[in-house]
Amino acid sequence: MPALSGNQPAVETHDLRREYRARRGAGVTALDGVSIEVAQGEVHGLLGPNGAGKSTLMKILSTVLLPTAGSGRVLGHDLATEYRRIRPLLGIVFGGERGVYPRLTARQNLRYWAALYGLSTAAGRSRTEELLDEFGLAERAGDRVETYSVGMRQRLHLARGMVADPRVLLLDEPTNGLDPLAARQLRELIGRLAGEGRTVLLATHDLDEAELLCDRVTMINNGRVVAAEAPKTLARLLSRQERIRVRADPALLDQVRALPEVTEVAAADDGAAVVSVGSQEAVGRVLAFVVAAGVTEVRTELPNLEEVYLRLVHRNDERSVVAR
Ligand SMILES: Nc1ncnc2c1ncn2[C@@H]1O[C@H](COP(=O)(O)OP(=O)(O)OP(=O)(O)O)[C@@H](O)[C@H]1O
């Protein structure tokens, strides 16, 4: 990977707008003033419901689509005028079959892409073998891709995106359609690639994946940024209810339920009870009550990213709620 230069953001956009013209009727505004900033080395999630504008943003960042208005830079290079300098810095892994030839073997695919990226034959061959090893494809490297499982194909997509050792990886729903094991293997690979100092921009519908992998997430709805923060910070900012997880007998739980500060007592999957408390100030009083009653297994927790997402994106279409 080429050395890092300066500390400019890996990716930044300012007021990006993208409209798609319709032949008849009104056009669609896919992006409506999107400003994001992704630091070098960061794993950044792009979250939002279908049609939110994630793929449009990814296409603009990968320089295959121009914005209608606004601007953006990748490692300091302007998206509109310096795309030739940006492309070698990017590894692009979008879903579907594009970019990998099913009738060729994994080895042939990777050598082909290495040649397209301008590697010499010898360098392309050695890079191909490295990638086949790293992405767990070496054993089947001589088989046609059409005989691969979906998980193997997706690992090959990721390997293809890594041929030129890019500084920035753009991943559009890379684990979509994978079974849990294959998705986990791919996430481990993504985590490893990110650990090498690369910047990763990951569009995903999988909120657990985002929580697991991402340093920060941007949530987009109707072409607008509704939040941009670290998953934990978002949870804290949006948490109107603190929760306390306790293990206690049913009689004590009845007493807890009757406390004025408590809004709900629900059963968790693991047999514990999750006590929701109306305000953060009241948590101490409820905690004191359960501890005085002899409960020893007790901890407070924040909502997970899925709950934050549901509140932010599906609550309504408010404008910027928690923009950086
Ligand atoms: N080529 C196009 N022509 C017209 N409208 C388009 C085109 N591409 C996307 N759109 C519209 O722009 C909006 C944003 O689409 P986009 O694909 O960027 O969203 P997304 O967040 O990636 O959705 P998904 O999660 O379903 O992939 C949608 O209303 C979509 O219908």
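## Around the ligand

Let's start at the ligand, whose surroundings consist of Tyr20, Val28, Ala30, Gly48, Asn50, Gly51, Ala52, Gly53, Lys54, Ser55 and Thr56 (a residue is near a molecule or strand if its C-beta atom, placed from the backbone, lies within 6 Å of it). Strand S2 (28–38) and helix H1 (54–61) are the elements that give two or more residues to this shell, and H1 provides the largest share, three residues. Here helices (H or I, at least four residues) and strands (E, at least two) are DSSP runs, numbered from the N terminus. Sorted by class, the shell around the ligand has four nonpolar, six polar and one charged residues; Ala, Val, Leu, Ile, Met, Phe, Trp, Tyr, Cys and Pro count as nonpolar, Asp, Glu, Lys and Arg as charged, and the others, Gly among them, as polar.

A word on the basis of all this: the model is predicted, and local features need pLDDT of at least 70, side-chain atom pairs count only at pLDDT 80 or more, while totals for chains, interfaces and linings use all residues. Residues are numbered from 1 along each chain as its sequence is written.

## The sheet that contains S2

Strand S2 is also part of an open sheet of four strands, in the order S2-S1-S4-S5, with antiparallel pairing (two strands pair if DSSP finds at least two bridges between them). S2 and strand S5 (77–78) are the edge strands, each with a single partner strand, so one side of each has no neighbour in the sheet.

Further in, strand S1 (residues 11–20) pairs with strand S4 (residues 69–74) in the antiparallel sense, over five bridges.

## Helix H3 and its two partners

Helix H3 (residues 106–116) and helix H5 (residues 150–161) have axes that come within 10 Å and cross at roughly 20°; axes are lines fitted to C-alpha atoms, for helices over the stretch in contact, and angles run from 0 to 180 degrees between N-to-C directions. That makes H3 roughly parallel to H5 (angles under 35 degrees count as roughly parallel, over 145 as roughly antiparallel, 65 to 115 as roughly perpendicular and the rest as oblique). The crossing of H3 and H5 is right-handed; a crossing is left-handed if the near helix is turned anticlockwise from the far one by less than a right angle, and right-handed if clockwise. On the H3 side Ala106, Asn109, Leu110 and Trp113 meet Leu156, Ala159 and Arg160 in H5, where residues are in contact if their C-beta atoms, placed from the backbone, lie within 7 Å. The residues of this contact divide into five nonpolar, one polar and one charged.

With helix H4 (residues 121–134), the axis of H3 comes within 9 Å and the crossing angle is roughly 130°, so H3 and H4 are oblique to each other. The crossing of H3 and H4 is right-handed. H3 contributes Ala106, Arg107, Leu110, Arg111, Ala114 and Ala115 to the contact, and H4 contributes Gly124, Arg125, Arg127, Thr128, Leu131 and Leu132. By class, the contact of H3 with H4 has six nonpolar, two polar and four charged residues.

## From H5 on to H6

The axes of H5 and helix H6 (residues 180–195) come within 9 Å and cross at roughly 15°, and H5 and H6 are therefore roughly parallel to each other. The crossing of H5 and H6 is right-handed. Val150, Gly151, Gln154, Arg155 and Leu158 of H5 make the contact with Ala182, Gln185, Leu186 and Leu189 of H6. Five nonpolar, three polar and one charged residues make up the contact of H5 with H6.

## A second sheet and its helices

Four strands form another open sheet, in the order S12-S13-S11-S14, with antiparallel pairing. Strand S12 (262–267) and strand S14 (298–301) are its edge strands, each pairing on one side only. On average, neighbouring strands of this sheet are turned by 25° against each other, direction ignored.

S12 and strand S13 (residues 273–277) run antiparallel and are joined by five bridges; the bridge partner of Ala267 in S13 is Ala273. Helix H9 (residues 250–257) lies across S12 and S13, running at about 150° to S12. Helix H10 (residues 280–292) packs on the sheet too, touching strand S11 (242–246), S12, S13 and S14, and the direction of H10 makes about 15° with that of S11.

How values were computed. Two residues are in contact if their C-beta atoms, placed from the backbone, lie within 7 Å.
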